[in-house]
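Notebook open. I wanted to look up the ligand site and one of the pockets.

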Amino acid sequence: MKIGLTYDLKSVYLKNGYTEDEVAEFDSEETITGIEQALKDLRFVSERIGNIKELTAALVSGKKWDLVFNICEGMFGQGREAQVPALLDAYQIPYTFSDPLVLALTLNKGMTKRVIRDCGVPTAPFLVIESLQDLADFDLKFPVFVKPNSEGSGKGIGANSVAENLESLKNICTKLLYTYNQPVLIEKLLSGREFTVGILGTGKKAEAVGVMEILIKSDAEEQTYSSFIKQHYQERVDYKLAEGEIEENCKTISLKAWKALGCRDAGRIDLKMDENGILNFIEVNPLPGINFIHSDLPILVYKQGWSYKQLIEAILHSASERMINKFSL
Ligand SMILES: Nc1ncnc2c1ncn2[C@@H]1O[C@H](COP(=O)(O)OP(=O)(O)OP(=O)(O)O)[C@@H](O)[C@H]1O
Ligand SMILES: [Mg+2]
């Protein structure tokens, strides 16, 4: 049983001239080593493949793996997260995490919200604009939250993400349209408590493993879970497991969204309350960060008494259901 590893290594792209912001979603050497160690502890043989270009070359040369552990975020195009899974589908090689349909859809937050809303999952009213002219259709109440439509890791989000009036909305949109060269999502501001829900499994076997409240300290520079706050979470964020009715409500909404979208194996769903305490779906992370120290999903499962090895084992177990020759863990 040989497991290939596909990933986008930050250092490789930085060496090739990309900026820190452009590679913010990519992985560190530490993340890859952590996965390799867990696979070794689970008695699997693993092999580093690398990014989509290295995968393409390896496939063309005739290489095969029983399963690919895929955490590639991709660099180019709206379907960038879907490219590696699509390639692996073409070569009939099973892989971890979601399929191209899910990864292409969920990278687009506005499209995902349309689907989610259709499934009866509560999500804040919104508008997606491609240019400032599209603000002619703006009919939301201020304040609103403004962010890139297709990014992760808090990219393009910070202290200046809230617009209180049309002038500041125009300024934020101008900056985001220019910097990220993609549509901008304008949403009702959700001013209440924030939670992230860890999900393991696929379809009917999916389970919410825990709900973690994101508590940004009152003296932090920003009260938004931005890329800056995520990077400096140790001094600025407390993570607390939710309990009781709130935990149950978060789990119910998240599982409904997870199953409706067809997400697989493992991920996180981010939720936030509005000013009346009503929970809203913000976004789904079907390729969740899995650095064994810093990523939200590992932090969440540790709080539930799991080890990193058990998390990787659960991901493999779920993915193995799609293998013709299933292995036993
Ligand atoms: N409508 C909103 N109202 C208030 N805050 C919001 C809203 N949307 C997003 N946020 C804040 O911005 C943060 C990042 O938003 P979001 O999860 O969409 O971005 P992301 O970059 O995809 O995050 P991730 O790191 O989880 O991939 C949220 O965790 C939340 O704190
Ligand atoms: Mg998020």
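Domain bounds here come from an automatic or database domain assignment. With those, I see that domain 2 (125-188) and domain 3 (194-327) both give residues to the shell around ligand 1, so the ligand lies between them.

Housekeeping: this is a predicted model, with local features needing pLDDT of at least 70, side-chain atom pairs counting only at pLDDT 80 or more, and totals for chains, interfaces and linings using all residues. Residues are numbered from 1 along each chain as its sequence is written, chains are lettered from A and ligands numbered from 1 in the order written, and side-chain values use heavy atoms, with hydrogens and water left out.

Ligand 1: I found 23 residues around it, with K147, G154, E187, E194 and K230 coming nearest (near means a heavy atom within 4 Å). I sorted the shell into 6 nonpolar, 5 polar and 12 charged residues.

Next I checked polar contacts (pairs of N or O atoms within 3.5 Å). K147 puts a polar side-chain atom 2.7 Å from a ligand 1 oxygen. For S153, a polar backbone atom is 3.0 Å from an oxygen of ligand 1. On burial, ligand 1 taken alone exposes 620 Å², and the protein buries 96% of that (Shrake-Rupley, 1.4 Å probe).

I noted 29 lining residues, with R80, E151, Y180, N181 and Q182 nearest its centre. Domain 1 (2-95) and domain 2 (125-188) both contribute to this lining, so the pocket lies between them.

Terms used. A polar contact is a pair of N or O atoms within 3.5 Å; within protein, one must be able to donate a hydrogen and the other to accept it, and residues adjacent in sequence count only if both atoms are side-chain atoms. Ala, Val, Leu, Ile, Met, Phe, Trp, Tyr, Cys and Pro count as nonpolar, Asp, Glu, Lys and Arg as charged, and the others, Gly among them, as polar. On a 1 Å grid over the protein atoms alone, a cavity is a set of points where a 1.4 Å probe fits but cannot get out, and a pocket is an open set with protein on both sides within 12 Å along at least five of seven lines; lining residues have an atom within 4 Å of a point.
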